[in-house]
Amino acid sequence: MTFVTAVSHQWLKAQLAYRLQLSLAACENIHDLCCGGTSLASVTNMMSAVIFIEGQPQWLVLDKAMSEQKLPDNMVLHCFFECCRVLFIRELSHQSLSQSEQLIFALAEVW
């Protein structure tokens, strides 16, 4: 049963990352920040991994019928809030953040 749960979480992570990418791709200023070594896809994958760091969040309900559509703005905001919360705590505990993790804060401010 643990294997099934792990596969399910990986599927949800991938779906969340893809739908976050679709949601953020509409903002021109975000494209300016995601040029070079860190692509928007890698940042949204990192965001998805951070969101699932404590297991599947209860607030995250992804409709399978809408897997090719952008996330609603309130869900994107919740994703940014959750990522910033976890990364802020990590930074306070003197653990260095990667480039894509640092970029999440800039994207949240621009978005």
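This is a predicted model: local features need pLDDT of at least 70, side-chain atom pairs count only at pLDDT 80 or more; totals for chains, interfaces and linings use all residues.
Visitor: Which residues of α1 are buried?

Guide: First the general idea. An α-helix has 3.6 residues a turn, so residues three or four places apart point the same way. In this model the buried residues of α1 are Leu12, Gln15, Leu16, Ala17, Arg19, Leu20, Ser23 and Leu24.

Visitor: What covers the buried residues of α1?

Guide: The cover includes α2, α3 and α4. Of these, α2 comprises residues 28-33 and α3 residues 40-51, while α4 comprises residues 73-92.

Visitor: How do α1 and α3 cross, and at what angle?

Guide: Their axes come within 8 Å and cross at roughly 130°. Angles over 145 degrees count as roughly antiparallel and 65 to 115 as roughly perpendicular; α1 and α3 are therefore oblique to each other. The crossing is right-handed.

Visitor: Which residues of α1 and α3 meet?

Guide: From α1 come Lys13, Leu16, Ala17, Leu20, Gln21, Leu24 and Ala25. On the α3 side they meet Leu40, Ala41, Thr44, Asn45, Met47, Ser48, Ala49 and Ile51. By class, this contact has ten nonpolar, four polar and one charged residues.

Visitor: What is the crossing of α1 with α4 like?

Guide: The axes of α1 and α4 come within 11 Å and cross at roughly 110°. That angle makes α1 roughly perpendicular to α4. Here α1 passes α4 in a left-handed crossing.

Visitor: Which residues make the contact of α1 with α4?

Guide: Leu16, Leu20, Ser23 and Leu24 in α1 meet Val76, Cys79 and Phe80 in α4. Six of the residues in this contact are nonpolar, one is polar and none is charged. Leu16, Leu20 and Leu24 also take part in the contact with α3, and these leucines are among the buried residues of α1.

Visitor: Turning to Cys35, where does the residue lie, and is Cys35 buried or exposed?

Guide: Cys35 is in the loop between α2 and α3. A residue counts as exposed over 50% relative accessible area; Cys35 has 55%, so Cys35 is exposed.

Visitor: How far apart are the C-alpha atoms of Cys35 and Ile53?

Guide: Along the chain, Cys35 and Ile53 are 18 residues apart, and their C-alpha atoms are separated by 26 Å.

Terms used. Residues are numbered from 1 along each chain as its sequence is written. Side-chain values use heavy atoms; hydrogens and water are left out. Helices (H or I, at least four residues) and strands (E, at least two) are DSSP runs, numbered from the N terminus. Buried means under 20% relative accessible area, exposed over 50%, partly exposed in between (1.4 Å probe, protein chains only). Axes are lines fitted to C-alpha atoms, for helices over the stretch in contact, and angles run from 0 to 180 degrees between N-to-C directions. Angles under 35 degrees count as roughly parallel, over 145 as roughly antiparallel, 65 to 115 as roughly perpendicular and the rest as oblique. A crossing is left-handed if the near helix is turned anticlockwise from the far one by less than a right angle, and right-handed if clockwise. Contact means heavy atoms within 4.5 Å. Ala, Val, Leu, Ile, Met, Phe, Trp, Tyr, Cys and Pro count as nonpolar, Asp, Glu, Lys and Arg as charged, and the others, Gly among them, as polar.
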